[in-house]
Amino acid sequence: MSQIGVDRWVEESESRQQQYSGWTAPARRAFDKVRPGWRLALFLGLAALYPLLVSPSGVRIGITVLILAMLALGLNIVVGWAGLLDLGYVAFYGFGAYFYAIVSSDQLPAHWPTWVAIPVVVAATALLGALLSLPSRRLVGDYLAIMTLFFAQVFVEVVRNFSRLPGEPTDITGGPNGITGVDPWTVFGFSFNTFNRNFYLLLGLLGLLIVGLYRLNDSRTGRAWRALREDTLAAEHMTTPVNRLKMLAFAVGAAIAGLSGTIFAAVQVGVFPNNFMLVFLITVYAALILGGLGSIPGVVVGAIAVAFTPEILRNPGAAGWLFYIGLLTLLLVTLRKRPMVAAVVAGVVAFGYLLRAASLAIWGDTILGVPNDTFTGGFLDGWLLILGEHQDMASNYAFVLAIVGVLGVILTRGWWRVVALIPTIYLAVFVWENKLALQPSITRQLLFGGVLMVMMAVRPQGLLGTRRVEIT
Amino acid sequence: MEFFLQQTVNGLTLGSVYALIALGYTMVYGVLKFLNFAHGEVYMFGAFAGYGVLTVLGGPSALVVPVWLAITLMFVAAMTVATGIGVGLERFAYRPLRRASRLAPLISAIGASFFLQAAALLLFTANSRSYDAPTLIPIESGVTVGPIDIWAVRILVIITAVILMILLTLWVNRSRAGKAVRAVSFDTEAAAMMGVDVDRVIVITFIIGSALAGVGGVMVGLVFGRIFHLMGFIAGLKAFTAAVVGGIGSIPGAMLGGLLIGFAEAYTTSYISSTFQNLIVFGLLIVFLLVRPHGFLGRPDLAKV
Amino acid sequence: MSAAILELRGLTKTFGGLTVIRDLDMTVGTGEIVSVIGPNGAGKTTLFNMISGIYQPDSGDILFDGSNIIGSTSDQIANLGVARTFQTLRVFLNMTVRENVMAATYGATKTRMWQSVLRTPAARREEAEVRELAEEKLAFFGDRLMGYRWDQPAYSLSYANRRRLEIARAMATNPRLLMLDEPAAGMNPVETHEITELIGRLREEAGYSILVIEHDMHVVEGISDRVVALDHGVKIAEGSFESVAEDPAVIEAYLGYGAARSK
């Protein structure tokens with residue numbers, strides 16, 4: 001029975017969401033049963049087991065993941081909640097790291113006790129954040145982004161060339177060589193000087209941060225930030241002091257970045273200007289966008305994915321897994337129909353055989369090279385062309401063609417898309433095996449840049465975020 | 001005094017290049033109200049395209065065609081490649097996001113910039129390349145005006161830039177397409193309602209902006225010799241500063257801004273120190289954004305509530 | 001005779017070469033409902049924008065409850081007791097209905113960040129109060145914005161409901177003067193009738209003084225104590241609805257010189 005004014009569809013939406021379908025359904029239903037607090041405990045518990053299962057270098061990677069998660073959560077406040085595009089965030093991280101390094105090493109020399117250093121550094125970074133927010137009173141969107149980007153550049157330049165500033169100040173930043181010999185955190189005589197100890201320190205801090213952020217989001221300040229992002233003008237008319245809240249967002253975000261910086265400096269036992277370049281900022285943004293702007297669990301998941309990726313890429317065997325599984329997932333998501341996916345895979349192999357046969361016929365055996373020692377060795381044999389001396393040049397052309405191919409795939413639909421996909425996928429595999437598999441840093445950069453572009457176009461809310469409605 | 005004049009010529013040369021790149025930023029902003037972060041990479045690829053042509057034609061010391069033809073072909077190649085990338089960006093990275101939030105296109109642009117830098121690294125490696133301009137156009141073939149020597153390359157750069165800017169200004173002010181571009185920059189919806197094909201106008205804007213940036217890339221190669229995959233980033237930032245200082249959205253503003261930044265950099269490098277040239281340019285931008293965000297020739301933004 | 005809660009004296013605003021408001025004098029008495037009418041471009045929304053602090057007038061005074069509010073920021077003006085809705089409808093789309101209204105209580109509450117993070121008793125108490133206030137304001141609109149609706153994102157609401165939400169949100173700032181910018185825009189006759197009743201109730205039950213911009217004359221007739229007519233930034237008539245509706249200057253502004261003459 002329908003009643004005017006009662007939206008039955010919306011009313012039943014809750015129960016509809018419970019009816020998950022597909023193979024992830026049982027997991028999602030089980031997940032829903034667990035209350036948020038317990039979910040966090042579960043996550044922390046599992047994470048706590050991590051160091052027991054991996055080597056020390058694995059723990060070091062885990063530390064990188066946790067630091068990135070903290071940074072991403074801090075950036076989430078500024079970008080995801082308050083909606084302010086801050087491209088200079090990495091400078092707060094650097095500032096915290098450098099400040100801590102300066103007061104906890106032989107640089108001055110000063111070896112401040114941790115319980116003094118940390119609050120001072122965090123407060124100073126927060127203050128810097130508040131200062132940087134002042135331009136946001138007058139600048140919005142693009143302008144603020146540029147301004148903060150420039151600030152980050154200025155920071156790196158200043159830190160690198162401090163001693164050469166007019167007035168010849170003493171070199172407190174160590175110039176291009178940075179500062180080394182940074183003290184670890186020491187609390188009540190307990191020194192966090194091993195990877196394991198720092199991992200658990202970070203995990204604890206992260207847990208507290210997550211709890212704090214959840215509570216903050218559902219509070220007066222959190223609502224004000226979100227209102228600020230939704231519609232700044234309307235928020236101001238509804239008693240929100242927008243400038244003050246922008247400043248708060250910047251300050252809190254900066255404080256979190258500063259705190260992460262101190263741990264980073266302590267773990268790396270040093271700080272260098274190159275640690276805080278734009279590349280790292282992109283990494284933090286990739287984590288944020290991939291996981292889901294505005295969503296706390298999303299950000300953590302994004303950080304995990306983004307931080308582990310370079311490590312996986314460094315190991316050729318694991319990198320291969322990542323590449324092919326990624327490729328297959330992309331295919332499934334783009335085509336959706338399994339016969340089409342099968343057709344593409346078969347087509348690619350067939351195409352490969354043909355191409356190989358043709359190339360050998362034209363140029364003979366001499367063009368062949370030695371395949372990489374990746375896991376895929378066996379299953380690529382026969383149809384993929386691995387070149388010898390012309391590998392580099394051919395890979396370059398293949399790369400450009402592959403990009404053109406991707407654009408073609410975007411423009412086509414249905415079975416035409418299958419046709420476009422076949423040479424494109426072949427070229428992608430070709431470039432991977434012949435060149436990229438052994439160049440993890442380039443692959444990582446391509447990947448992160450690509451993630452940002454693709455996510456914005458295809459799924460702007462990220463993996464775990466919620467779809468937003470924007471006023472156009 | 002001669003040192004000053006020499007630096008002025010340097011500034012003029014640099015300024016011409018920055019002006020060309022800044023025009024791309026400003027035109028796209030005028031039409032889309034969006035800052036194309038990846039514009040610097042377009043310029044960088046232009047420079048490499050020019051280098052590619054130079055190599056194919058035998059390299060600076062063994063050209064198979066006359067020098068003037070080689071340089072013309074280099075410009076053409078650079079414009080083609082740059083335009084291709086620019087149009088590709090517009091069509092695939094920015095157009096889908098036209099109705100999305102303010103953040104989305106900016107983030108996509110940053111991603112694109114990053115991606116393009118990586119692609120350049122892949123294709124060209126981190127080694128810088130040299131146009132070896134002195135071999136191409138000998139230094140002696142310059143002119144001497146009073147106490148200063150002006151290299152031929154610099155004359156070429158300055159004159160080409162001036163010609164292009166004049167052509168652009170004429171086109172924008174006199175042609176129908178130019179009028180359409182101006183209409184779209186002023187009020188996109190109204191222009192659409194008056195029958196202007198906004199999508200086409202945007203593509204044309206990207207074509208022109210990218211082509212100019214490509215030319216700029218070749219010019220930098222000719223004047224300064226070295227090109228490398230990161231050159232787009234810093235040049236992009238400076239050209240962007242030029243566009244803002246001159247007044248974002250204003251074409252004469254971009255030209256003016258380019259010159260100013262060129263001079264600022266030339267004088268700073270020579271009179272103060274080269275370490276801080278970047279810092280000073282960035283500082284200038286920050287000051288402008290705070291004090292006069294619409295630059296010298298821009299209009300303060302009036303938004304209807 | 002109650003004191004004027006809002007007084008405009010000699011208000012003038014120019015944009016570039018165009019004078020949008022010229023030497024305007026106007027008052028709103030406490031507990032009064034005043035409607036502002038006029039053809040498009042008459043300057044009505046600009047008037048609202050000046051009162052709510054978006055623009056500064058070039059000359060003149062805006063007195064709210066006796067004190068001049070020119071130069072104050074919009075949030076300061078809101079805290080003083082002036083709330084408004086927008087012609088183009090500006091609800092917080094991605095926040096829930098309840099959160100939209102709760103967000104408007106920022107200026108009247110004082111929980112600091114650290115108190116929220118630690119969930120102090122004071123913080124929890126204030127949060128509960130704010131929640132209750134929001135639900136109370138939403139209840140003013142009957143069943144439309146009640147119950148499960150509270151947790152729905154604002155973008156799931158129909159157009160008319162969004163307008164109601166915007167009014168509820170404005171009410172949550174505990175204003176004394178409520179400014180409604182075309183509250184009946186885009187509504188069908190039934191909804192229009194409801195809005196007319198609603199505005200009356202806002203004065204009777206909630207005690208607001210109300211300034212309304214409206215085009216729909218049925219609404220204007222139904223609610224107004226007084227009507228002010230503007231054209232090209234100048235006040236051309238003021239008085240009861242009947243007197244303004246018959247005024248030749250008003251007819252001319254809407255329908256042209258011929259219509260005025262034939263009246």
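**Entry 1: Met70 of chain A**

I looked up the contacts of Met70(A) and found that, leaving aside residues up to four places away in sequence, it touches Leu206(A), Leu209(A), Ile256(A) and Ser260(A). I noted that the model is a predicted one. Met70(A) lies in helix α5 of chain A, which covers residues 56-81. Is Met70(A) buried or exposed? I recorded Met70(A) as buried, because 26 C-beta neighbours lie inside 10 Å and the cut-off for a buried residue is 20 or more. I then checked a distance to a residue elsewhere in the sequence. Met70(A) and Leu259(A) are 189 residues apart along the chain, and their C-alpha atoms are separated by 9.0 Å.

**Entry 2: the side of chain A that touches chain B**

I turned next to the contact of chain A with chain B. Here 38 residues of chain A are in contact with 38 residues of chain B. Which elements of chain A give two or more residues to this side? I listed α8 (142-160), α13 (278-291), α18 (391-411) and α20 (440-458). Of these, α20(A) gives the most, with 11 residues. I also noted the kinds of residue on this side of chain A: 25 are nonpolar, eight are polar and five are charged.

**Entry 3: the side of chain A that touches chain C**

I repeated the search for chain C. I found 27 residues of chain A in contact with 33 residues of chain C. The elements of chain A that each supply at least two residues are α1 (8-11), α9 (195-217), α10 (220-230) and α11 (232-237). The largest share comes from α10(A), which supplies seven residues. This side of chain A divides into 11 nonpolar, seven polar and nine charged residues.

**Entry 4: two helices of chain B**

I examined helix α11 (residues 251-272) and helix α12 (residues 277-291) of chain B, whose axes come within 9 Å and cross at roughly 145°.

I then followed Glu265(B), which is found in helix α11 of chain B. Glu265(B) is buried, because 22 other C-beta atoms lie within 10 Å and 20 or more are required. Not counting residues up to four places away in sequence, Glu265(B) touches Leu14(B), Gln277(B) and Val281(B). I also looked up Thr125(B), which is 140 residues from Glu265(B) in sequence and 28 Å from it in space, C-alpha to C-alpha.

**Entry 5: the antiparallel sheet of chain C**

I traced an open sheet of four strands in chain C and recorded its order as β2-β1-β4-β5, with antiparallel pairing. The edge strands are β2 (18-29) and β5 (67-68) of chain C, each of which pairs on one side only. Strand β1 (residues 4-15) of chain C pairs with β2(C) over eight bridges in the antiparallel sense. I looked up two bridge partners in β2(C): Thr19(C) is the partner of Thr14(C), and Ile21(C) is the partner of Lys13(C). The hairpin of β1(C) and β2(C) has two residues between the strands, and in it Gly16(C) takes a positive phi near 60°.

**Entry 6: strand β7 of chain C**

I ended with strand β7 (residues 177-181) of chain C. How many of its residues are buried? I counted five of five, so β7(C) is mostly covered by the definition of burial. In a regular strand the side chains alternate between the two faces of the sheet. In β7(C), Leu177(C), Met179(C) and Asp181(C) point one way and Leu178(C) and Leu180(C) the other way, and all are buried.

I then looked for the partners of β7(C). Strand β6 (residues 82-84) of chain C runs parallel to β7(C) and is joined to it by three bridges; Val82(C) has Leu177(C) as its bridge partner in β7(C). Strand β8 (residues 209-213) of chain C is also parallel to β7(C), with five bridges joining the two. In β8(C), Leu211(C) is the bridge partner of Met179(C).

Terms used. Residues numbered from 1 in each chain as written. Chains lettered and ligands numbered in written order. Predicted model: local features only at pLDDT ≥ 70, side-chain atom pairs only at ≥ 80, totals over all residues. Contact = placed C-beta atoms within 7 Å. Nonpolar A, V, L, I, M, F, W, Y, C, P; charged D, E, K, R; others polar. Buried ≥ 20, exposed ≤ 12 C-beta atoms within 10 Å, placed from the backbone. Pairing = 2+ DSSP bridges. Axes fitted to C-alpha atoms, helices over the stretch in contact; angles between N-to-C directions.
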